Amino acid sequence: MTTLRNLWAVPTARFALVVLAAVALLALFGEALAPHDPLRQYTDRVLEGPSADHLLGTDYVGRDVLSRLMTGTRLSVVGAAEAVLIGGALGIPTGLASAWLGPRLEWLTLRVSDTLVILPFTVFAIAVAGTLGNGLQQAMFAIGVLISPIFFRVTRAVALGLRRQQYVEAAELMGASQWWTLRKHIWSKVLPNVAVTAAQATGAALLVVASLSFLGLGVSPPAPTWGGMLASDLDYLAQQPWAPVYPGLLMMATVGSLNLLADAVREATGDAPRRRRKRRSPSASPSAGPSAAAPVNARKENADA
Amino acid sequence: MSLAVAPETEPEVAAAPPVPAPDAAATPRRRRAVPLLRSLVSTLVITVTVLLLASVVTFALGAVSDSNPAAAALGETATQADIDRLDAEFGLDRPLVVQYLSWVGHAVQGDLGRSWFTTIPVTDSIKQALPVDLSIAALALLLAILVGGSAGIGAALSNGGFFDRLVTLVCSVLATLPPFVIGMALIVVFSVKLQVLPSGGYVPIEQDPLEWLRFAILPSLALSLDVAASIARQLRTSMVASLRENYAVGAEMRGYGRSRVLFGHVLRNAAGPTLAVIGLAIPLIVGGAVITEKLFGLPGVAQLALQSAERGDVPVVLGTLLTTAVVVVLASLVVNVLQTALNPVARREGAHR
């Protein structure tokens, strides 16, 4: 709750939250709010510019662009969210586990993550479509698998750093079970990092989903998505050079807001204790002796808050 | 020349590794003696492992697929007898492990099997298509380094000034757009409005380099801007930090010119993290090449993979995925070596990874 209030105080974060709330509303109610049926073809009004009854004009078969944008929000956003969920579900547990596994297994998990990092999204998604069939679920699975190393690395880095903190070692020495340490000490520190990563990954996934629908992978054509709309606009650039602007702007706003939010969350949760630590350590280290005490205290407070 | 410094700096690090390296305790003396060789061997082991894992992932995709050569070639009319006959012909009735070993064994020798649909060797099809992607990707990488590098250096020099803010703004906007939208914008500006460059088509580079450039410049530019933005951002950050370091201030105080300090001292240290960014961007460029290829109608690997994917032609699809993985691994290896040559610190980190 405190985090959310801190976030609201940052102007960019407030802007991002408003935009994201609007996108979420569109995803939920866009279909109901759309002025026209997104699949209805007004065949006598093909490739028209903005007018009173088609606020953003019509596309190459006379479908209302505004309605398609509003209805397409759900598939675009839900697709990206699904991919991020799959990525998180694969990456976070393995990231935590790799900090505790023996060196051999740890090495292997690192190499698996290396391997997934080098596979390009589009080629892998094409391969998945070619072998497992072309559909939204397969495409999201492909993106999710390739996104998982991001979560894996972030989780692992935080967990590795925390494992050597004195309060975690102390808890383990006092007989706390690994599970308890994980839940009590590690998870609360991993979570903000995971939140930042998830926000960025959702933005990246939105772009990849759009690219895939541009290639004809994932969502099948008549159903509207942002990427699909951009793809169909391509053939009519000579007649309607401004058409890609609408889905492009919507996508920019969404991805940009996610990035802004990620930055704001990082600042609200990550930088605050570091700043506090810097201010304290000069006075604390000469008197208290062990120089490690100050940062540990700062982190402890943050974990309790 | 940085190689000569390594033996002196190495022992301190080996004595107190920042990360608990599992095998550090077992062989501390050997590492001290041959740090370079060791990091070379570990890079090699990692590369081979990654390639093996990539081949396993690729093969697994084919193994869980329910398409078979009979369905690909004969369609609905295939009988059970046809399926069995073609499965036997392509060796699909053998155990999976045997299939995998023979697939990898042949792949190492450059044979990725035959298409189920046309029975053309997969390697031949890829050989025809790959140069298109490689030349586009290489040109894109070059453009990205040139554009991103100069933007990053300029932004760092005008730290906080107008140019700096402009670069930051452009980078943030570019990061929120899928690469094909940038490509579409370029088509609108250069092909539709100005009509100076073709919006699609391709001429092989060995046929006519100038004509090739005319066709390749828009796809490469579309592909490069995204990466150029990351390069500019990283270079700016690390250069601003390095410019404040004591050695940079000191060099300037000792009377070296600004450009000498910048290019001789600061850029060299700032290049390491930037190279890492480039390494991470290689899969993006190769994957993005697929999209620009479709956007500009180039006859590359993506068209091959997409057509094969539509027909359920598994060997071709797997072949393209594996080839792409190998290309990315090799390119990353080059970046890694460059990074090591440039920066002794990276070399030490590499040994601990």
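Helices here are DSSP runs of type H or I with at least four residues, numbered from the N terminus, and on that basis A:Phe214 lies in helix H8 of chain A, which covers residues 178-215. The model described is a predicted one. In chain A there are 11 helices and zero strands, while the secondary structure of chain B comes to 15 helices and zero strands.

- Chain A, when read along its sequence, follows the pattern α-α-α-α-α-α-α-α-α-α-α, and 47% of its 305 residues count as buried.
- Chain B has 353 residues, of which buried residues make up 46%.
- When the contacts in chain A between residues at least 6 apart in sequence are considered, 71% of them join residues at least 24 apart; for chain B, the corresponding share of such contacts is 71%.

- A:Phe214 has a relative accessibility of 5%, and it counts as buried because buried means under 20% relative accessible area.
- Once its neighbours within four places in sequence are left aside, A:Phe214 is in contact with A:Gly227, A:Ala231 and A:Leu234, and also with B:Phe180, B:Ile291, B:Lys294 and B:Leu295.
- A:Phe214 and A:Ala231 stand 17 residues apart along the chain, and their C-alpha atoms are separated by 4.8 Å.
- Helix H9 of chain A, residues 226-234, has eight of its nine residues buried, and it is therefore largely enclosed by the rest of the structure.
- The buried residues in H9(A) are A:Trp226, A:Gly227, A:Met229, A:Leu230, A:Ala231, A:Ser232, A:Asp233 and A:Leu234.

**The bent helix H2 of chain A**

- Helix H2 of chain A, residues 11-33, contains 23 residues, yet its end C-alpha atoms are only 29 Å apart, short of the 33 Å that a straight helix would reach at 1.5 Å a residue.
- A kink of about 55° is present in H2(A), and it is centred on A:Ala27.
- A:Ala27 is also one of the buried residues in H2(A), which include A:Ala13, A:Ala16, A:Val19, A:Leu20, A:Val23 and A:Gly30 as well.

**Packing of H12 and H13 in chain B**

- Helix H12 of chain B, residues 258-296, packs with helix H13 of chain B, residues 301-311, at an angle of about 85°, and their axes are 8 Å apart.
- H12(B) and H13(B) are roughly perpendicular to each other, because angles of 65 to 115 degrees count as such.
- On the H12(B) side of this contact are B:Val290, B:Glu293 and B:Lys294, which meet B:Val301, B:Ala302, B:Gln303 and B:Leu306 in H13(B).
- By residue type, the contact of H12(B) with H13(B) divides into four nonpolar, one polar and two charged residues.

- Apart from its neighbours within four places in sequence, B:Ala155 is in contact with B:Phe163, B:Asp164, B:Val167 and B:Arg236.
- Although B:Ala155 and B:Arg236 are 81 residues apart along the chain, their C-alpha atoms are separated by 6.1 Å.
- B:Gly161 lies in the loop between helix H7 (122-157) and helix H8 (162-175) of chain B, and with a relative accessible area of 21% it is partly exposed.
- The C-alpha atoms of B:Gly161 and B:Arg94, which are 67 residues apart along the chain, are separated by 67 Å.

Methods: Residues are numbered from 1 along each chain as its sequence is written. Chains are lettered from A and ligands numbered from 1 in the order in which they are written. This is a predicted model: local features need pLDDT of at least 70, side-chain atom pairs count only at pLDDT 80 or more; totals for chains, interfaces and linings use all residues. Side-chain values use heavy atoms; hydrogens and water are left out. Axes are lines fitted to C-alpha atoms, for helices over the stretch in contact, and angles run from 0 to 180 degrees between N-to-C directions. Helices (H or I, at least four residues) and strands (E, at least two) are DSSP runs, numbered from the N terminus. Angles under 35 degrees count as roughly parallel, over 145 as roughly antiparallel, 65 to 115 as roughly perpendicular and the rest as oblique. Contact means heavy atoms within 4.5 Å. Ala, Val, Leu, Ile, Met, Phe, Trp, Tyr, Cys and Pro count as nonpolar, Asp, Glu, Lys and Arg as charged, and the others, Gly among them, as polar. The expected span of a helix is 1.5 Å times one less than its number of residues. The bend at a residue is the angle between axes fitted to the seven residues ending there and the seven starting there. Buried means under 20% relative accessible area, exposed over 50%, partly exposed in between (1.4 Å probe, protein chains only).
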